[in-house]
Protein chains: 2
Amino acid sequence: MIDQKTVRPIETARILLESNNRVELTSFLETVSSTQLVYLMSRLHKDEQQNLLTLLNPEDAAYVIEELPDAQAVDIIEDMDVEDAAAIINEMMSDEQADLIMELHEKDAEAILTEMNPSEAAGLRKLIEYDPETAGGLMLTEYISYKETATVKEVIEDLKKNSEKYKYYHVRYIYVLSRQGVFLGVLQMQDLLLADPSQHLSEIVIKDVIAIHVNASLDEVSDLFDTHDFYGIPVIDDHKKLIGILRRKNVLEAINERAAYEHLETQGIVGGDELRTMPVFLRSRRRLSWLSVNILLNIIAASVIAFYQDTLSTVIALAVFLPIISDMSGCSGNQAVAVSMRELSLGTVRPTEMLRVWFQEISVGLINGLVLGILIGLAAYLWKGSIYLGLVVGGALAINTIVAVSIGGTVPLFLKKINVDPALASGPILTTITDMIGFFLALSFATIMIAHLGGL
Amino acid sequence: MIDQKTVRPIETARILLESNNRVELTSFLETVSSTQLVYLMSRLHKDEQQNLLTLLNPEDAAYVIEELPDAQAVDIIEDMDVEDAAAIINEMMSDEQADLIMELHEKDAEAILTEMNPSEAAGLRKLIEYDPETAGGLMLTEYISYKETATVKEVIEDLKKNSEKYKYYHVRYIYVLSRQGVFLGVLQMQDLLLADPSQHLSEIVIKDVIAIHVNASLDEVSDLFDTHDFYGIPVIDDHKKLIGILRRKNVLEAINERAAYEHLETQGIVGGDELRTMPVFLRSRRRLSWLSVNILLNIIAASVIAFYQDTLSTVIALAVFLPIISDMSGCSGNQAVAVSMRELSLGTVRPTEMLRVWFQEISVGLINGLVLGILIGLAAYLWKGSIYLGLVVGGALAINTIVAVSIGGTVPLFLKKINVDPALASGPILTTITDMIGFFLALSFATIMIAHLGGL
């Protein structure tokens with residue numbers, strides 16, 4: 001059975017590519033949704049991707065690139081001829097240009113910038129100076145502005161004259177500047193509608209407008225959009241000159257992406273998206289960078305077991321429970337990590353409140369430790385008929401659950417406070433410590449009760 | 001040292017609350033950012049939260065509630081008097097009303113709806129019928145529409161007359177309906193600006209407009225916003241009647257929230273946000289619902305070890321490596337899970353492509369299994385001086401890494417295909433299977449080579 005939806009676009013694209021049919025390819029791609037386009041591009045071979053983008057005119061190719069996930073777009077652009085890539089990037093909106101250029105290898109980026117339209121390139125060079133997680137790194141430089149000395153009539157005429165160009169501008173506000181270019185305020189289309197055509201903008205401009213500094217962080221701008229119902233916010237520099245417009249969309253998408261990358265990090269995918277269309281060695285190397293740290297930490301943690309070989313050889317049954325204690329403590333601790341990460345991002349907790357979080361975790365840890373301890377203790381008792389074995393493994397898991405939620409709850413706050421990425425480091429720190437303590441508890445309890453445990 | 005930023009708003013709020021100073025409290029809250037407000041509310045006691053919301057007039061209280069994370073807002077509203085809660089919810093925008101009402105206990109929701117302004121309640125009852133992850137569940141019902149028979153002059157006059165009311169409407173388009181209420185198209189303010197005042201809307205309406213069906217899924221609407229540069233999309237019912245407006249903001253926020261909940265699920269926090277201000281027993285119960293399933297799966301997996309007690313008692317050293325093999329296989333498998341989940345959400349892979357993903361994972365698994373196997377094998381050899389022990393644990397981890405990435409890569413696709421939540425189920429399925437196979441491999445290899453391993 002062939003999935004019509006899946007197969008058709010790719011085959012259609014291939015046929016149009018082979019026949020070099022630019023017109024039909026262009027109109028075909030216009031009928032394809034964003035999701036279909038992403039899928040289509042990821043299923044074409046590298047040379048087909050290149051053919052497609054060079055067959056289209058640069059404006060349409062820019063549209064295709066803009067729809068793709070960053071990792072995929074970067075992959076494709078890096079394989080292109082510099083001139084082709086530059087022609088396409090020339091046609092993109094400033095925010096998308098900057099996103100892309102910043103993720104390219106420096107050499108590729110420089111080559112493309114050199115090849116681009118000089119005025120576009122100059123603007124872009126300024127944009128990529130900003131940290132991508134600041135207002136400057138997220139803003140658009142396409143906006144409509146007039147000096148306060150302009151009249152309503154002049155503005156309306158200019159809007160009509162340039163309607164073709166402004167069609168692609170996303171923000172429908174008009175920004176009003178002083179004679180020196182200092183940002184004064186905004187006007188909406190309906191303000192022009194209601195005004196007398198002979199009025200100067202200075203007479204009708206809405207001045208009480210929030211603007212944001214170019215270096216404001218993603219969290220600050222996100223907060224501003226949460227607090228106010230803006231569509232876009234003007235971005236100003238140290239001298240209050242207007243240098244760009246920040247849209248809610250860009251902020252929400254950046255927040256979204258940051259959360260996605262953090263999530264990947266907690267599961268050991270470091271350095272942004274891995275797409276399975278990337279080269280095997282790259283994927284393998286990036287995953288190993290995380291795994292090799294973890295295996296070292298694992299060996300360190302498990303070495304605790306080595307100190308108790310005598311106990312283990314007397315109570316072989318413990319070997320069954322050590323992986324359970326390790327895994328369950330990891331589960332409990334990871335729950336606490338997840339809640340802390342989420343509370344940090346919601347703003348209901350601050351990095352300095354470790355003590356508060358610790359208290360809140362201990363209470364849950366006590367209950368859950370008790371329940372889990374009883375469950376595992378019962379399993380041990382039922383299996384071997386020894387209440388002592390039950391006490392040893394149940395007691396160890398109960399106590400280690402409290403340890404795990406304490407560490408899991410507080411470590412992300414601590415890491416955030418000392419500016420270490422909590423998404424990346426919380427998990428390994430948590431599991432290493434809880435493994436060591438869990439193994440130590442179970443094996444030392446068993447050593448104490450060894451007289452009652454022999455031969456299990 | 002007191003963190004001024006942290007402490008001041010809470011103390012100020014408390015002082016204003018104690019003095020019952022509505023005017024100053026209202027203007028104080030206007031100076032507070034969204035983030036500060038969330039933090040402030042989460043640090044006030046329950047009775048202080050109630051006092052604050054009832055002291056404010058309902059419109060301002062509605063603003064406060066709208067700024068809070070859903071879980072926090074629900075918590076606070078459920079504790080309120082029904083009349084107070086209804087008065088506040090009355091003042092909220094329709095999309096926020098529906099979000100909140102849907103998360104309340106059914107009894108509380110019904111009580112509040114009964115108490116609300118009947119026309120608001122009737123609209124709201126319709127809204128909460130829609131699945132929250134559809135266009136209907138995400139749309140706003142506040143929009144500006146006119147019949148096609150209206151003239152530009154009439155519309156401009158109505159806009160001026162109702163400017164106070166429309167100020168709170170988020171979408172600046174004007175929607176044009178047929179005489180029967182069927183959706184025809186849109187107009188922007190500038191279209192009115194450029195039109196002759198005596199023209200009828202039917203003459204200038206832009207008809208080639210995309211509208212979306214009320215039952216469209218979150219993925220479909222998200223795709224539509226990705227494909228088109230819309231700010232809002234009209235939502236229509238089966239009869240093409242306009243019933244609401246869907247904003248990009250609501251869609252992006254819903255996508256953000258879904259991703260956040262999925263992330264919490266992968267780490268064992270089920271059923272939405274846990275805030276540490278929630279009751280301890282609720283938090284404990286929700287976490288245990290996940291942990292208790294996991295401990296059962298863990299016991300099942302570890303029971304494999306119990307079948308090899310003889311081998312273990314001969315080669316005690318293996319007990320050190322079993323937790324490492326379990327944990328490292330989990331790490332490798334979770335990486336593959338993370339990549340699959342991300343590729344599913346980006347649309348670069350489809351749930352039917354399990355075989356493709358499997359091949360792509362095997363190649364990475366081969367390399368990483370080899371590297372990890374050599375590392376752990378080397379550690380075993382260096383510790384005990386036995387090349388056979390190195391071969392046993394190295395071989396087991398190498399093979400199990402391939403198993404883990406195979407399962408981790410394909411299980412999310414399979415679960416998605418059979419409509420089981422992959423964020424929730426992938427992890428436990430993965431670790432249970434990889435633990436069983438990992439333990440089996442290590443212990444059966446050791447059993448085969450037992451002659452060379454005695455006494456380690």
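Me: At what angle do helix 20 of chain A and helix 18 of chain B pack?

Reply: Two packed helices are described by the angle between their axes and the distance between the axes. In this predicted model, helix 20 (residues 318–346) of chain A and helix 18 (residues 280–306) of chain B pack at about 160°, with their axes 9 Å apart. Helices here are DSSP runs (H or I, at least four residues) numbered from the N terminus, and axes are lines fitted to C-alpha atoms over the stretch in contact, with angles from 0 to 180 degrees between N-to-C directions. Helix 20 of chain A is therefore roughly antiparallel to helix 18 of chain B, a term used for angles over 145 degrees.

Residues are numbered from 1 along each chain as written, and chains are lettered from A and ligands numbered from 1 in the order written. Because the model is predicted, local features need pLDDT of at least 70 and side-chain atom pairs count only at pLDDT 80 or more, while totals for chains, interfaces and linings use all residues.

Me: Which residues make the contact between helix 20 of chain A and helix 18 of chain B?

Reply: Residues are in contact if their C-beta atoms, placed from the backbone, lie within 7 Å. Among those of helix 20 of chain A are A:V320, A:I324 and A:M328, and helix 18 of chain B contributes residues including B:L291, B:I295 and B:I299.

Me: How many residues of chain B are in contact with chain A?

Reply: There are 90 residues of chain B in contact with 90 residues of chain A, and helix 20 (residues 318–346) of chain B gives the most to the side of chain B that touches chain A, with 18 residues.

Me: Where do the domains of chain A lie?

Reply: Domain bounds come from an automatic or database assignment, which for chain A gives domain 1 (4–129), domain 2 (144–259) and domain 3 (280–453). The centres of domain 1 and domain 2 of chain A, taken over C-alpha atoms, are 29 Å apart.

Technical notes
Helix = DSSP H or I, 4+ residues; strand = E, 2+ residues; numbered from the N terminus. Parallel < 35°, antiparallel > 145°, perpendicular 65-115°, else oblique. Contact = placed C-beta atoms within 7 Å.
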